[in-house]
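My notes follow in the order I went through them.

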Amino acid sequence: MKLLAALQTLLERGDAFAWVAVAIIGLFGLVMLSALGLFFHHTRSALRRQTLRKRMGTATDLLAPTVGHPERLSEAMVQSTRAVGPRATAAVLREMRVRITGDFARTLSRHLEELGEVDRLGQLGTARRSWLRRAAARGLGECGGDLARGYLVSMLKDPDPEVRRTARGGLLSREDPVGIAHAIESYLSDAVMHKGWKAAFYARLASVAPAELRGLLTSGKISGFEEKLALEALGDVQVPSEVPHIAELAGARLRSKDPELRASAVRVAGRLRLEQFRPLILEDLRDPVWFVRAGAARALETLGADASVDEALAGCLTDKDWWVRANAAKTLARRGGAGHARLNAALESDDVYARDAALSALTSAGALPSLGERLKSLHARYPDDVVIAALLRRSEVASV
Amino acid sequence: MTTTDTPPILVAEDDATMAKVLRELLRPLGRSIHRAQDGDAVLPMARSLKPSLLILDLNMPKRNGLEVLRAVRRDPQLRDLPVLVLTGQGQPETADRVRAAGGDEFMTKPIDLDAVRERVKGMIRDAVVA
């Protein structure tokens, strides 16, 4: 009180020090008030989250026993809604739905509609804050079903690119070709897109609807970098019935004028493990562009035992590009006995590049018996070879 | 409905909802179902429970599914234990790694309830025949 009285006297005199002191005290007060506000906000949010988690635990106990028994779901939902309310019940139904596919997933979507969860999220999708709209799009994607699709389609025109992206992701469901068509159309017309988003879109599309992605690839609507991403995403598809179609698409692009596309095609050809690609991939080891040769060297890893492959890869150990040499050596190391024999032979080579690539690959693969002795003899023979010297030092340190 | 005289099923899954879904899905098989919540818990539980099947998630805390799988195959008590691997990663490389590590079956999430139930039934039946 005395301090305040003194301050008031100074202020009345018009003292500059007093004004500064008042400003500092005021600022301090504001900071304290903000900190207090934040503290209360976080505590309240944490308590709400904790309550929701508890309620979801109860709802899970009531709803999980209906898995595979759709006839019991309605009754369990009534019990759960009575016990913990519709929000926690709906959250658990959504959690269950994203983890399964098939008839029961469709039943869950229908029940989420009946519970009013889809309409609630649909309303949230028109909120002023974009993070709320994003959360709504994510939730609607988890709900699935026709009603959720309608809301998601309307969100594809959202001004926020992240909301549009989330809505597209929600539409990409294995069981909804109409939603997939909308998502593709939106993707093609969306100008704002990061590279990562593009790759993620193609990866997701390939996993839920490889046939639609093949259609997009052959439609001529995408080219260049997009075509490469789409092709690589198809290379990850593990559906046996898709393999011949993907092989056709990759084969047609192995001789593309675009080296990036050739490199992607050769990688996909390798992943498909089809012997029919062997001569084409072997030819690619002589491609003028280094990253196509490097891709071809790795692609040969998946093909069966064949002396021509081992010989071609051994030839690549003297390639002018280190990446090609390294890939060829790694592939030979992974091809087992015959590959190891080629690498061991390369250790005796006078070509420093071939020797180092072979030595690094054999050491990494743990395929060099009595490594220390071998390194010592190689170091004695090639004292200027820095790779041998480094590996020898590392092996000596490891043995200590 | 569980029985104590038949070997149980061990589910290694950190996601509580998924674990509950699997538990309810497999309950009609009449075996007790135990859950390991992280990679470190799998081996000790498998050694003490001697399960007829291990359902293993690849992405788990502390020790990932592949490491657990390799450890199972190295363990003299567990090396013949049938293992069904569940994962959200559907890439061919993942399937290759699972096979190389000794996984018997590989399925991706989200799961098809009927397909998982049939696969599990088949694996348990094969284990009994063997």
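This is a predicted model: local features need pLDDT of at least 70, side-chain atom pairs count only at pLDDT 80 or more; totals for chains, interfaces and linings use all residues.

**Strand 3 of chain B and its partners**

I then checked for another neighbour. Strand 3 of chain B is also joined by four bridges to strand 4 (residues 83–87) of chain B, and these two run parallel. There I noted B:Ile55, whose bridge partner in strand 4 of chain B is B:Leu84.

How many residues of strand 3 of chain B are buried? I got five of five.

Next I went through the backbone angles. B:Lys50 has a positive phi of about 50° and is not a glycine. I placed B:Lys50 in the loop between helix 2 (39–49) and strand 3 (53–57) of chain B. Its relative accessibility is 56%, so B:Lys50 counts as exposed, the cut-off being over 50%.

B:Lys62 came up too, again a non-glycine with a positive phi, here about 70°. B:Lys62 sits in the loop between strand 3 and helix 3 (65–74) of chain B. I have B:Lys62 down as exposed, with a relative accessible area of 67%.

Which peptide bond is cis? I found the one from B:Lys109 to B:Pro110, with omega near 0°. B:Pro110 is in the loop between strand 5 (105–108) and strand 6 of chain B.

**Where the chains meet**

Strand 6 of chain B sent me across to chain A. Two bridges join strand 1 of chain A to strand 6 (residues 111–112) of chain B, in parallel. In that pairing, A:Thr101 has B:Asp112 as its bridge partner.

For the whole interface I noted 19 residues from chain A and 19 residues from chain B. Together the chains bury about 1700 Å², with 55% of that on carbon and sulfur atoms. Which three residues supply more of the area that chain A buries against chain B than any other three? They are A:Val67, A:Arg99 and A:Gln238, at 33%.

I counted polar links next. There are two salt bridges between chain A and chain B. One of them joins the side chains of A:Asp61 and B:Lys20, at 2.7 Å from N to O. Polar contacts across the interface come to five residue pairs, both residues at pLDDT 80 or more.

Then I asked which elements of chain A give two or more residues to the side that touches chain B. I listed helix 2 (16–63), helix 4 (86–99) and strand 1 (100–101) of chain A. Helix 4 of chain A has the largest share, four residues. By class, this side of chain A holds seven nonpolar, six polar and six charged residues.

**Around helix 9 of chain A**

My last stop was the start of helix 9 of chain A. A:Asp160 caps its N-terminal end, with a side-chain oxygen 2.8 Å from the backbone nitrogen of A:Glu162. The backbone nitrogen of A:Asp160 is in turn reached by the side chain of A:Asp158, at 2.8 Å.

Is A:Asp158 buried or exposed? At a relative accessible area of 8%, A:Asp158 is buried. A:Asp158 lies in the loop between helix 8 and helix 9 of chain A. Leaving aside neighbours within four places in sequence, I have A:Asp158 in contact with A:Arg133, A:Val163 and A:Arg164.

A:Val163 and A:Arg164 are among the buried residues of helix 9 (residues 161–171), as are A:Thr166, A:Ala167, A:Arg168, A:Gly170 and A:Leu171. I traced what these buried residues pack against: helix 7 (130–143), helix 8 (146–155), helix 10 (177–189) and helix 11 (195–208) of chain A.

In helix 10 of chain A I looked up A:Pro177. A:Pro177 is exposed, at 52% relative accessible area. I also took one distance: the C-alpha atoms of A:Pro177 and A:Ala299 are separated by 33 Å, and the two residues are 122 apart along the chain.

How values were computed:
Residues are numbered from 1 along each chain as its sequence is written. Chains are lettered from A and ligands numbered from 1 in the order in which they are written. Side-chain values use heavy atoms; hydrogens and water are left out. Contact means heavy atoms within 4.5 Å. Buried area is the accessible area (1.4 Å probe) that two parts lose on being put together, summed over both. A salt bridge is a side-chain nitrogen of Lys or Arg within 4 Å of a carboxyl oxygen of Asp or Glu. A polar contact is a pair of N or O atoms within 3.5 Å; within protein, one must be able to donate a hydrogen and the other to accept it, and residues adjacent in sequence count only if both atoms are side-chain atoms. Ala, Val, Leu, Ile, Met, Phe, Trp, Tyr, Cys and Pro count as nonpolar, Asp, Glu, Lys and Arg as charged, and the others, Gly among them, as polar. Two strands pair if DSSP finds at least two bridges between them. Buried means under 20% relative accessible area, exposed over 50%, partly exposed in between (1.4 Å probe, protein chains only).
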